[in-house]
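Q: I have a model open and want to learn to read its segments and interfaces. Where do we start?

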Amino acid sequence: MLSKSQARAFFLGGTFLFSAIFVFLTVDTLRQNESRTNAQNMTADVLKGKEIWEKNNCMGCHTLLGEGAYYAPDLTKVVERRGATWIDVFLDDPQAMFPGERKMIIYGFNKEEKGQIIAFLDWVGKIDANGWPPKPNIPIDSIATPQVPQAKSNAVVMAQPEKFSQLCVACHAVGGKGGNVGPALDHVGSKFDSDYLNRWLSDPQAIKPGTNMPKLPLTDPERKDIVTYLSALK
């Protein structure tokens with residue numbers, strides 16, 4: 001049992017100790033704040049993207065840095081995961097990229113607004129958030145498309161065109177890696193010739209009305225590179 005003087009000393013000593021710790025942690029946090037929050041890269045596009053984010057209440061469905069709603073995916077590292085090109089296409093029509101799954105509405109952002117949103121999300125993704133969001137113990141790719149033993153083929157040897165790796169792998173798998181929204185493309189070159197693949201990429205709906213495949217914004221050289229790559233997958 002403590003005496004009155006001992007209890008007072010214990011209380012005052014504890015208060016002083018933990019107040020000092022709190023002040024130290026506060027000063028240390030403020031000292032690191034600018035470098036860890038990526039403040040030096042806060043451009044006008046980043047600020048405008050934040051305004052668009054708040055105006056449309058994106059946090060009503062998504063989370064950033066652990067804050068927000070949990071109806072839709074956390075977007076803290078979305079630019080790192082998906083890439084700016086994929087996000088740009090996704091914002092035009094979310095449903096087309098994930099048919100039957102995504103409930104996100106079409107906001108009708110113009111090219112400049114999409115660029116500003118991407119700039120904001122890219123800036124957020126480069127904040128030092130002490131490892132947030134945590135990485136899953138099991139790689140996401142292994143859940144989307146189970147790994148199976150495969151013989152070495154052109155799918156392994158050939159380098160994927162840039163646009164293919166930015167857009168197509170979100171829905172299709174090659175060599176066991178990629179999405180599972182659409183069919184795997186390992187042997188697509190044996191099933192279809194280059195002319196058909198070119199017409200398909202130009203306008204999927206014209207070839208197969210009602211298909212879930214969206215019309216991707218590809219230039220002629222980009223489409224040609226993808227067709228050449230797909231034609232070699234046999």
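Q: What are the helix and strand percentages over residues 7–27?
A: Helices (H or I, at least four residues) and strands (E, at least two) are DSSP runs, numbered from the N terminus. Over residues 7–27 the chain is 100% helix and 0% strand. The end C-alpha atoms of that stretch are 30 Å apart. An unreviewed UniProt entry lists 7–27 as "transmembrane region"; such annotations may be inferred rather than shown by experiment, and positions follow the numbering used here.

Q: What should I know about the model itself?
A: It is predicted: local features need pLDDT of at least 70, side-chain atom pairs count only at pLDDT 80 or more, and totals for chains, interfaces and linings use all residues. Residues are numbered from 1 along each chain as its sequence is written, and side-chain values use heavy atoms, leaving out hydrogens and water.

Q: Which domains does the assignment give?
A: Domain bounds come from an automatic or database assignment. Here they are domain 1 (39–125) and domain 2 (162–232). Their C-alpha centres lie 25 Å apart.

Q: How many residues are in contact between domain 1 and domain 2?
A: Contact means heavy atoms within 4.5 Å. 9 residues of domain 1 touch 10 of domain 2.

Q: How much area do domain 1 and domain 2 bury between them?
A: Interface size is often given as accessible area lost when the parts come together. The probe is 1.4 Å, and the loss is summed over both parts. Domain 1 and domain 2 bury about 840 Å², 71% of it on carbon and sulfur atoms. Helix 4 (84–92) and helix 5 (94–97) each supply at least two residues of domain 1's side. Helix 4 gives the most, with 3 residues.

Conventions: Buried area is the accessible area (1.4 Å probe) that two parts lose on being put together, summed over both.
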